[in-house]
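Have a look at the model first, then work through the steps with me.

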Amino acid sequence: MRWTDIDRQACSVARALSVVGERWTLLILRDAFLGTRRFDQFQHNLGITRHRLSERLGKLVEQGVLVKVPYQDRPVRYEYRLTRRGLALYPVLMSLARWGDEWMDGDAGPPLEYTHRGCGKKTQPVLACSECGEPLRPESVTTEIGPGLWALAVQIENEESSLPPIPEIIRRSVEDLP
């Protein structure tokens, strides 16, 4: 499979990566969550080339993660604001930051700390079950085929009389695409 086909795979992780998996994208989003809105600010903060930044911002706008809003008429200039779809990526960035704090800080401690405005206390993201609130860990979660992959799984099972592991089914979801 080619990287350009990743968004066609029946896998939510692969589809999400087709939007945010490029090299600079998560850093652009990080800065957007930190209040950066204008092209020149992004470029200055990140040190990214204008061409690459334009490309990445364009894709984020095209995918509905950011929206361009004019802030000046003559000449027309735009700023980039997070949409609801973009704001929904906040837990992803917070979780990635926590991982970096724990595993990549070189014993210097986290470069940023987060304070919850509601209670005024320092906080860290916690992945928890939506039903009982218990922290989610790989060993406490099972994976089952969902509605987006069910038809293919049934087809494979009918053809082969047994169901292969889920990663194999996901891989095959792209195999027969034009």
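**Exercise 1.** In this predicted model, work out how H2 and H6 are oriented to each other.

*Solution.* Start with the angle: H2 and helix H6 (residues 90–103) pack at about 105 degrees, and their axes are 11 Å apart. Next, recall that angles of 65 to 115 degrees count as roughly perpendicular. H2 and H6 are therefore roughly perpendicular to each other. Now look at who makes the contact: H2 supplies Leu 26, Leu 29, Arg 30 and Phe 33, while H6 supplies Tyr 90, Leu 93 and Leu 96. Sorted by class, these residues give 6 nonpolar, no polar and 1 charged.

**Exercise 2.** Describe how H2 passes H3 and find the residues in contact.

*Solution.* The axes of helix H2 (residues 25–33) and helix H3 (residues 39–46) come within 11 Å and cross at roughly 115 degrees. The crossing of H2 past H3 is right-handed. On the H2 side, the contact involves Leu 27, Ile 28, Arg 30, Asp 31 and Ala 32; on the H3 side, Phe 42, Asn 45 and Leu 46. The class count here is 5 nonpolar, 1 polar and 2 charged residues.

**Exercise 3.** Is Ser 173 buried or exposed, and what does Ser 173 touch?

*Solution.* First, locate Ser 173 in helix H8 (residues 166–175). Its relative accessibility is 14%, and buried means under 20%, so Ser 173 counts as buried. Leaving out residues up to four places away in sequence, Ser 173 touches Arg 8, Gln 9, Ala 10, Leu 149 and Leu 152. Finally, zoom in on Ala 10: its backbone nitrogen lies 2.9 Å from a polar atom of the Ser 173 side chain.

How values were computed
Residues are numbered from 1 along each chain as its sequence is written. This is a predicted model: local features need pLDDT of at least 70, side-chain atom pairs count only at pLDDT 80 or more; totals for chains, interfaces and linings use all residues. Side-chain values use heavy atoms; hydrogens and water are left out. Axes are lines fitted to C-alpha atoms, for helices over the stretch in contact, and angles run from 0 to 180 degrees between N-to-C directions. Helices (H or I, at least four residues) and strands (E, at least two) are DSSP runs, numbered from the N terminus. A crossing is left-handed if the near helix is turned anticlockwise from the far one by less than a right angle, and right-handed if clockwise. Contact means heavy atoms within 4.5 Å. Ala, Val, Leu, Ile, Met, Phe, Trp, Tyr, Cys and Pro count as nonpolar, Asp, Glu, Lys and Arg as charged, and the others, Gly among them, as polar. Buried means under 20% relative accessible area, exposed over 50%, partly exposed in between (1.4 Å probe, protein chains only). A polar contact is a pair of N or O atoms within 3.5 Å; within protein, one must be able to donate a hydrogen and the other to accept it, and residues adjacent in sequence count only if both atoms are side-chain atoms. Angles under 35 degrees count as roughly parallel, over 145 as roughly antiparallel, 65 to 115 as roughly perpendicular and the rest as oblique.
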